[in-house]
Amino acid sequence: MTDVLEYIFGVVIFPALVASLIALVVALFAVPVWPFRSRASETEGLVGFALMLACVMSFAQDLGWNAILRQFMTIQGDDTPIEKWHRLGAMAAIIALGAPLLAFVRERAPKRWGRELSIGVSLKTAFLLATLVSFPGSSLGWAIAQGCLAVAATAAFSLGARDVSMWSAWITFAVLSAMAMLGGFASLAVLCGAVSAGAFGIATVYGILPRLKSGVEPLPVGGAIGLALGLLATAVAHCGRAYDTTGTPPWMWMVAPILPAGALLLGRWAAKAKTPARAKLWRVAGVAFFAGVLLVVLALSQGGKESSGGPSDDELKQMYGG
Amino acid sequence: MKTCSIVAASLLAMIPLAAAPFAQDAKPEVKPAAPAAAAAPATITLDPVHSLALFRVQHLGAGFFWGRFNELAGTATWSLDDSTAPVFDVTVDVKKVDTGSEKLDGNLQGPNFFNQAEFPTMTFKSKSAKKLGDRHYTVTGDLMLRGVTKSIDVDCTVTGVGKAPTGQKVGFECIFTINRADYGMKWGIDAPKGAVGNEVKMTIALEGDVAKAKS
């Protein structure tokens, strides 16, 4: 059991702690740090970086840094072939560097370009993902579907979840982790677990710190964080679908990245809430409800397969002459 | 007339004498017996119903659990008089792994183990062999698993040659051990530590049909 706990600590808890610590340090900054000019852009870029770093650290701890590096360079003495799903680690590393870069560009761009820049980058990046990140069984149809899903997931995190994006990420990646575990893909499960735990830690920091200290910049709506979460959730779902060996319906994998849109389900109650905290609670409840329904459907589909897998009573009677 | 008879009789008497040297020449020469010619290697097509591959690996440092691959195909080449070493060309379908548990089968097919989505087969091709005794060899060949090819030594025994209504059958039993980490299958060795052992023992039981000689 100690070895298992050590493993879980190394691939889930420690990366999440690092992400939460970075978010805490960023939240405590009094003034923006160069090259950022505003606290909002700094928060957007560095929190996005922190969350993706949790993913990269979990991946590297589980599989080794060579699993990422060999996709960019030849490593002497390393004859292990590149496996397609290792692109997840490479993609998380690229997004980790891209998040602060996007925040920096948005900050420096003329204000009238801000929104278009975000939308344009989202669309282009989503389709870039579809062409660069492919898994076994991918076809042109799946590549286009992945691109569209990336756009939808980014929108779900940015617009649907709005100011509860971190809580939505906590729930979404927890669901993806459970689906990966049920699908027999342990490494994907722990990777999603690290991102989920990291999102929980960051959400907790930004939930508690403003009550203890004034001047804490809130987490931004959309921007680099929404893009990072949307892209990673889409890639994880597509990967899980491609490698699933237990027959989880593909549509379940495709629904999981847009779980944050569940924040809109209870939008009426959120709009009528008396305080912003209650409004957030309704939105998170919407995401949780959406996630709960998906997990129940998944559990029922898995349970149905198990009950039909074993020998029937008639077959046993024939076998033993009963 | 009397003279002619005597001459004729003399000539007739000379015939055996004249034929004697030819008779001696016509007598077959006795040579020492030549060794029987070695049998040509026969092609043996593996019977997938009566061939299987078993593997054994330690779980959590405790017991060993066994699994099998239900589908393999290929050929072997071997002289029925054991004058040549067997040569194997075998392909195993990784997707047909069978541990008795569907869930565990799914895990083993997944990316953390065999990754059947990217590497659907495992192959072995002989390169050379060393005879250890009657019908007993160490066969050296290339094992390809998860896209990695490494040279291994296989302890191979010809278990028997039998007869079937369709012709002759030959059986082989091959045993070898590998470290799965050498083939990129590292999950469970260090992370989580000791969950699944690194050393895997494989026992391959093969039976094949000897191809009939072309008339």
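Because the model is predicted, local features need pLDDT of at least 70 and side-chain atom pairs count only at pLDDT 80 or more, while totals for chains, interfaces and linings use all residues. Residues are numbered from 1 along each chain as its sequence is written, and chains are lettered from A and ligands numbered from 1 in the order in which they are written.

Of the 322 residues in chain A, 51% are buried, meaning that 20 or more other C-beta atoms, placed from the backbone, lie within 10 Å of a residue's own. Two residues are in contact if their C-beta atoms, placed from the backbone, lie within 7 Å. Among contacts in chain A between residues at least 6 apart in sequence, 77% join residues at least 24 apart.

Chain B brings strands into the picture. Strand β8 (residues 136–145) of chain B runs antiparallel to strand β9 (residues 148–164) of chain B, joined by ten bridges; two strands pair if DSSP finds at least two bridges between them. His136(B) stands opposite Thr157(B) in β9(B). β8(B) and β9(B) form a hairpin with two residues between them, and Arg146(B) in the turn has a positive phi of about 55 degrees. Nine bridges link β9(B) to the antiparallel strand β10 (residues 167–179) of chain B.

Finally, the chains meet: 18 residues of chain B are in contact with 23 residues of chain A. Helix α2 (residues 102–109) of chain B gives the most to chain B's side, with four residues.

Conventions
A residue is buried if 20 or more other C-beta atoms lie within 10 Å of its own, exposed if 12 or fewer, and partly exposed in between; C-beta atoms are placed from the backbone.
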